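Here are my notes on the model, as numbered points. Please read them with the structure open.

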Amino acid sequence: MITCSPKNPYRKHGDGPCDVFYQPRSLEKWGDVVIKMVCTFSKLGFYTSPFISLRKYDFEFYKWPVSYSLPSHKRNIWLDTNPFKQCANSELSTIRRTTLQLLAYAAVHTFGMVLIYPGILHLIQNSLWNVLVMGRAQLVENYNGKRAKLQTADGNAIDTMFVDNRQSSNRGNILVICCEGNSGFYEIGIMPTPIKAGFSALGWNHPGFAGSTGKPFPSQEQNAIDVVMQYAINKLGFRVKDIVLFGWSIGGYTATWAAVNYPEVKALVLDATFDDLLPIAANQMPSSWALLVKEVIRSYADLNIAQMIRKYHGPVQLIRRTKDEVICLRPGVLKTNRGNSLLIKLIEARYPDLSSEEFALLETYVCLISTQRSAFLKRSDIGESDRKVLRLIDKHMHDFVSMHCTPLPEDKFIRVMDAILAEEEK
């Protein structure tokens, strides 16, 4: 049997005798040396950088003391997950309905939640580990971020990061609570936008994401944003009226829930957010799965933002990505953007006196980009109803020419916030 030499552990195959080991030539030797040196110094730099203490605590975050907690309440796990608790297809026969409920239960507890929240996959989190560590380090080093562990009423630990700009900017007296997307983490998410704009910011990770425990079922998401809000008010010292809820994509669900349950917040800002998860989920699945998709969403992940937003009466600003490829039923086709439906339902709830003609105009004009709407407003041949509808759209929606995941520039966020403050002064 042939053994490998410690100095030359690699055999050369297909060229020469089988018992000859590969001998690197002079240039290859120097190349090997350079590669080894680069690897050694990169590892040395990573583990001896100024962020080493932070990395140690990152690795042992589960041992961190809890900075803030809410009184716990006992959960009846069976009632929470009972597949027969409710049914989205009640018109079906008992046998079909029961079968569908069992399939939905199995789906949501195997692959269903992963499809809705890919960020809970350990494969994704492991692949992003270095990036998340560096993101946290930058928030701490560049913005003096403070990391904290919060405990929800249902016992989950929520990983948070707070950047305090109250001493460095007038805008810092406003706290922006950032709610991330379904693969978003505060370390690499939307927090830099309000921070660079001069606002204080509080980011947090969904249950099951990075240092947070649990799973992002709606009830656990609600408990997570609830403890974040209480932490901001009772520990960080912000008044409810000085808090802005900023939700990106699926994060619009928790942002809207918090706005409904803390109605005195300054404003709700939703970026690239949809009206209802069901149409998007159904669009991604085979039509033969329609009943199952409906059962899964309505029974276990009913993220109906449009239904909730009707209950919030404070300032709302929507940011629509004109080239969005995620929440459009046809990628990049503006008229299929589910943000349009969210705006329509918001205006429908806020302005019930609109006539049927004006609602028809709303459905038409919402499919235009902001420059096209501005051009219509300058025309002298349009009616007063047209002007009224165009102004309502511009009052609540800002267009951003980008795709779904493009970071929102701070100047765009400032314009949105200026619109909120201007409305507040009226």
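This is a predicted model: local features need pLDDT of at least 70, side-chain atom pairs count only at pLDDT 80 or more; totals for chains, interfaces and linings use all residues.

1. S6 (residues 243-248) and S7 (residues 267-271) pair in the parallel sense, over five bridges. From S6 the chain passes through helix H9 (residues 252-261) and on to S7; this β-α-β crossover is right-handed.

2. S6 also pairs with strand S4. Five bridges join S4 to S6, and the two run parallel. Look for two positions here: Leu175 stands opposite Ile243, and Ile177 has Leu245 as its bridge partner. S4 has a further parallel partner in strand S5 (residues 200-204), with four bridges between S4 and S5. Leu175 stands opposite Ser200 in S5.

3. How well covered are S4 and S6? In S4 (residues 175-179), five of five residues are buried. In S6, six of six residues are buried. In a regular strand, side chains alternate between the two faces of the sheet. Both faces of S4 are covered: Leu175, Ile177 and Cys179 lie on one side, Val176 and Cys178 on the other. In S6, Ile243, Leu245 and Gly247 point one way, while Val244, Phe246 and Trp248 point the other way; all are buried.

4. Now the loop between S4 and helix H7 (192-196), where Tyr186 is found. Tyr186 counts as buried because its relative accessibility is 0%.

5. Which residue does Glu187 meet in a salt bridge? The partner is Arg136, at 2.3 Å from N to O. Glu187 sits in the loop between S4 and H7, Arg136 in helix H6 (residues 129-143), so this pair links distant parts of the chain, 51 residues apart. Both Glu187 and Arg136 are buried. The structure holds 18 salt bridges.

6. Lys345 and Asp275 form another salt bridge, with their closest N and O atoms 2.9 Å apart. Lys345 lies in helix H13 (residues 338-350) and Asp275 in the loop between S7 and H10, so the pair ties together parts 70 residues apart in sequence. The two ends differ in cover. Lys345 is partly exposed, at 27% relative accessible area. Asp275 is buried, at 0%.

7. Asp276 forms a salt bridge with Arg298; the closest N and O atoms are 2.6 Å apart. Asp276 is in the loop between S7 and H10 and Arg298 in helix H11, so parts 22 residues apart in sequence are tied together. Asp276 is buried, with a relative accessible area of 7%. Arg298 is partly exposed, at 23%.

8. One group goes beyond a simple pair. Arg320, Arg373, Asp394 and Asp399 are linked in a network of salt bridges.

9. Check Gln125 in helix H5 (residues 122-127). The side chain of Gln125 reaches the backbone nitrogen of Ala210 at 3.1 Å. Why does Gln125 count as buried? Its relative accessibility is 11%, and the cut-off for buried is under 20%.

10. Last, the surface. Phe111, Leu115 and Trp289 form a nonpolar patch there, with about 300 Å² of accessible area together. Trp289 is in the loop between helix H10 (277-284) and helix H11 (290-300). At 36% relative accessibility, Trp289 counts as partly exposed.

Definitions and conventions:
Residues are numbered from 1 along each chain as its sequence is written. Side-chain values use heavy atoms; hydrogens and water are left out. Patches are made of residues with over 30% relative accessible area and no salt bridge: like charges are joined within 9 Å, nonpolar side chains (Val, Leu, Ile, Met, Phe, Trp, Tyr) within 5 Å. Accessible areas come from the Shrake-Rupley method with a 1.4 Å probe; for residues, only the protein chains shown count as cover. A salt bridge is a side-chain nitrogen of Lys or Arg within 4 Å of a carboxyl oxygen of Asp or Glu. Buried means under 20% relative accessible area, exposed over 50%, partly exposed in between (1.4 Å probe, protein chains only). Two strands pair if DSSP finds at least two bridges between them. A crossover is right-handed if, with the strands pointing away from the viewer, the path from the first strand over the helix to the second runs clockwise. A polar contact is a pair of N or O atoms within 3.5 Å; within protein, one must be able to donate a hydrogen and the other to accept it, and residues adjacent in sequence count only if both atoms are side-chain atoms.
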